[in-house]
Amino acid sequence: MATDITVARVVQAGAMPIDTYAVPAEIMSTWNRADAMEFPNVMVDHIVPHYRLLSESYDKAQNVQKVGHETKLDLLNAGKP
């Protein structure tokens with residue numbers, strides 16, 4: 001409860017409270033850059049290990065867009081490497 005009261009006072013003073021995830025996201029600024037995929041690796045290795053799940057999900061979505069929805073098991077059963 002003390003944290004909530006402190007945050008409320010800080011907000012009344014005009015500050016914008018942010019959390020641990022917001023700071024690196026602000027540093028990242030945009031995904032529209034050449035080194036964008038290095039950012040999740042830094043997050044996973046040093047800040048939030050569970051961020052890897054989001055990164056893997058993003059990679060899978062990008063792969064589905066490029067080559068289709070087949071899974072590795074589907075490709076293996078179809079005799080493709």
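The confidence score used here, pLDDT, is the predictor's own confidence in each residue, on a range from 0 to 100. This is a predicted model, in which local features need pLDDT of at least 70 and side-chain atom pairs count only at pLDDT 80 or more, while totals for chains, interfaces and linings use all residues. Residues are numbered from 1 along each chain as its sequence is written, and side-chain values use heavy atoms, with hydrogens and water left out.

**Confidence**

- Across the protein chain the mean pLDDT is 76, and 88% of the residues reach 70 or more.
- Confidence is lowest in helix H1 (residues 2–12), where the mean is 69, and highest in helix H4 (residues 51–67), where it is 82.

**Overall build**

- The protein chain has 5 helices and 0 strands, where helices (H or I, at least four residues) and strands (E, at least two) are DSSP runs numbered from the N terminus.
- Among contacts with a separation of 6 or more, those between residues 24 or more positions apart make up 7%, a contact being heavy atoms within 4.5 Å.
- The accessible surface of the chain, computed by the Shrake-Rupley method with a 1.4 Å probe and with only the protein chains shown counting as cover for residues, comes to about 7,000 Å², and 59% of it belongs to carbon and sulfur atoms.
- Of the 81 residues in the chain, 12% count as buried, a term that means under 20% relative accessible area, with exposed meaning over 50% and partly exposed lying in between (1.4 Å probe, protein chains only).

- A nonpolar core is a set of buried Ala, Val, Leu, Ile, Met, Phe, Trp, Tyr and Cys residues joined through side-chain atoms within 4.5 Å, and the largest one here has 7 residues, namely Met28, Ala36, Phe39, Met43, Val44, Val48 and Tyr51.
- Helix H3 (residues 38–47) gives the most to this core, with 3 residues.
- Within H3, the buried residues are Phe39, Pro40, Met43 and Val44.
- Viewed down the axis of H3, these buried residues fall within an arc of 135°, so they line one face of the helix; the arc is that of the directions from the helix axis to the C-beta atoms.
- Glu38, Asp45 and His46 are exposed on the other side of H3, whereas helix H2 (22–28) and H4 are included in what covers its buried residues.
- Val48, leaving aside neighbours within four places in sequence, is in contact with Tyr21 and Met43.

**Helix H4 and its end**

- The 17 residues of H4 should span 24 Å at 1.5 Å a residue, and the end C-alpha atoms are 25 Å apart, which agrees; the expected span is 1.5 Å times one less than the number of residues.
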